[in-house]
Amino acid sequence: MDFQAIATAPADWTGDGLVLGFFEEDFAEAGTLPEQLTALDGKLDGAIADLLTEAKFAGKANSGASTRVGRNTPVKKLILVGLGKSEKAKSESIRQAAAKAGKLAKSEKCSTLGVALPTVGDAGQTVQAIVEGMSLALYKDERFKSKSDDDKDEDNAEYPATVSLLEADGQADAIAKAEQILSGVVLARKLVAAPPNELSPQTLADTAKDIADSHGLELTVLEQDECEKRGMGAFLGVAKASATDAPPKFIHLTYKPEGTAKKKIAIVGKGVTFDSGGLNLKGPGSGIETMKMDMGGAAATLGAAKALAQLKPDVELHFISAATENMISGHALHPGDILTASNGKTIEVNNTDAEGRLTLADALVYADALGVDAIVDLATLTGACLIALGNDIAGYWSIDDDLAADLKTASESSGEKIWQMPLEQKYFEGIKSPIADMKNTGPRPAGSITAALFLKEFVKDTEAWAHIDIAGPAWTSKEGPYTPAGASGYGVRLLVDWVTAS
Ligand code: BES
Ligand code: MN
Ligand code: ZN
């Protein structure tokens, strides 16, 4: 799909499908033609008026309608999408309307598409949101099918192939920006969707190498022996059970801006490429068959690295993941084992299924030693967070109010929802161990809070740290407005907006 920004107005554009977007207040009552559309309606043989009446289209959010216009009309199909009330409209309204338009254009087999949506925010933000929403909605992952669905059709053309953003001349940069961000989101989706027999810690390291090579980043991959030398006992404890052909990899990508960096930031992602639970093996109903998604944090981290390496912010960036599987074998952690992390803290492993925090412990100690201004980690950490906030919203915890506010702002602009949760220190009682410095799990209540409190023990010198639990949104059972069922690529757009605003 190719996007172009052109000056042409909807009434003058010729092609297969024309998309028009409306607010609710464009309609005095359902089925009436807004005045500014009467001229265009004349050119389109009255199709707009007919469609409004037939579909009872009134500009409501997430509504859409499409129809054939005529043979000799300047456009063959007309697609209407609603944006809801204008005072409530956000970039997210544009993203969702563009997604709907893209899906309708595909089913109407429009090869060339003209898109005219009202401006929300500024023209650049609107164009960026259109490109994001439409591209993400039409994304399809057919890597693991022997035959693509389109090939099964007689006609395997792409619909739409060319998308012209109307009355948007001068917005080529916004298209380019959206495409750079999308390359990161698509990477994250592909990594999360890849099955665990195809994606190992080595694959994540190879992906980091590709990003480093194609965008000029520095890459360090610490092998198992190097991790041992650094005393990363928590991370390596989890990795112990894996076969020798699936060893752990500690991945660290660095981006340095050309001038002086305004800030230094570390982004840490949980990279468990398959979570069996370990000897506390996941049981029926635990979703073990979806636990390839347990590297969703690493996927978001690498996706953000790919996007940001192209966007080139004036910020030094460190992308880190301690990648491993969580398996069972004769070498597996015993429930009850005591591990020593790289900051010297000892952990009684009372549940081998709480492995993410063990891997993150050493990753956070490493990030903390870099002398950065802020650390943000993303992790598919707890089922409890998924239960609390569902598939649409990530939970987050922060030791710094400004960082918490900045993440909230990035959440609003990106449309990736987050909700702040308390770092209730009193609950640390629940993870005190009689024999070691702490246990890796506490009681069931507030399970995602004790997980966050556990992680906090591994951040000492960095003033701003936030933990984002993406167990819900990284993998969704249902298709969303512009996310497929399964891997969403959640986190890349949130991180990009946060870093570029820093
Ligand atoms: N990877 C899981 C968390 C998870 C669960 C992510 C469901 C996505 C969907 C994590 O490693 C885990 O197993 N957590 C345990 C912690 C418990 C043992 C304290 C959980 O949530 O049950
Ligand atoms: Mn687990
Ligand atoms: Zn896990």
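Predicted model: local features only at pLDDT ≥ 70, side-chain atom pairs only at ≥ 80, totals over all residues.
Local features are reported only at pLDDT of at least 70, and side-chain atom pairs count only at pLDDT 80 or more. Residues are numbered from 1 along each chain as its sequence is written.

The manganese ion (ligand 2) is held by Asp275 (OD), Asp353 (O and OD) and Glu355 (OE) at 2.1 to 2.2 Å. Here a donor is an N, O or S atom within 2.8 Å of the metal (3.2 Å for Na, K and Ca), and since water is not among the atoms, sites may look incomplete. Along the sequence, the spacing of these donor residues is D-x77-D-x1-E. Aspartate 275 also bridges to the zinc ion (ligand 3), which lies 3.1 Å from the manganese ion (ligand 2).

Aspartate 353, at 22%, counts as partly exposed.

Helix α11 covers residues 356-368, and its axis comes within 9 Å of that of helix α14, residues 447-456. Helices are DSSP runs (H or I, at least four residues), numbered from the N terminus, and axes are lines fitted to C-alpha atoms over the stretch in contact, with angles from 0 to 180 degrees between N-to-C directions. The two axes cross at roughly 30 degrees, so α11 and α14 are roughly parallel, a term for angles under 35 degrees. In contact (heavy atoms within 4.5 Å), residues of α11 including Leu358 and Leu364 meet Ala451, Phe454 and Leu455 of α14.

Definitions and conventions. Chains lettered and ligands numbered in written order. Heavy atoms only, no water. Buried < 20%, exposed > 50% of the residue type's maximum accessible area, 1.4 Å probe, protein only. Helix = DSSP H or I, 4+ residues; strand = E, 2+ residues; numbered from the N terminus. Parallel < 35°, antiparallel > 145°, perpendicular 65-115°, else oblique.
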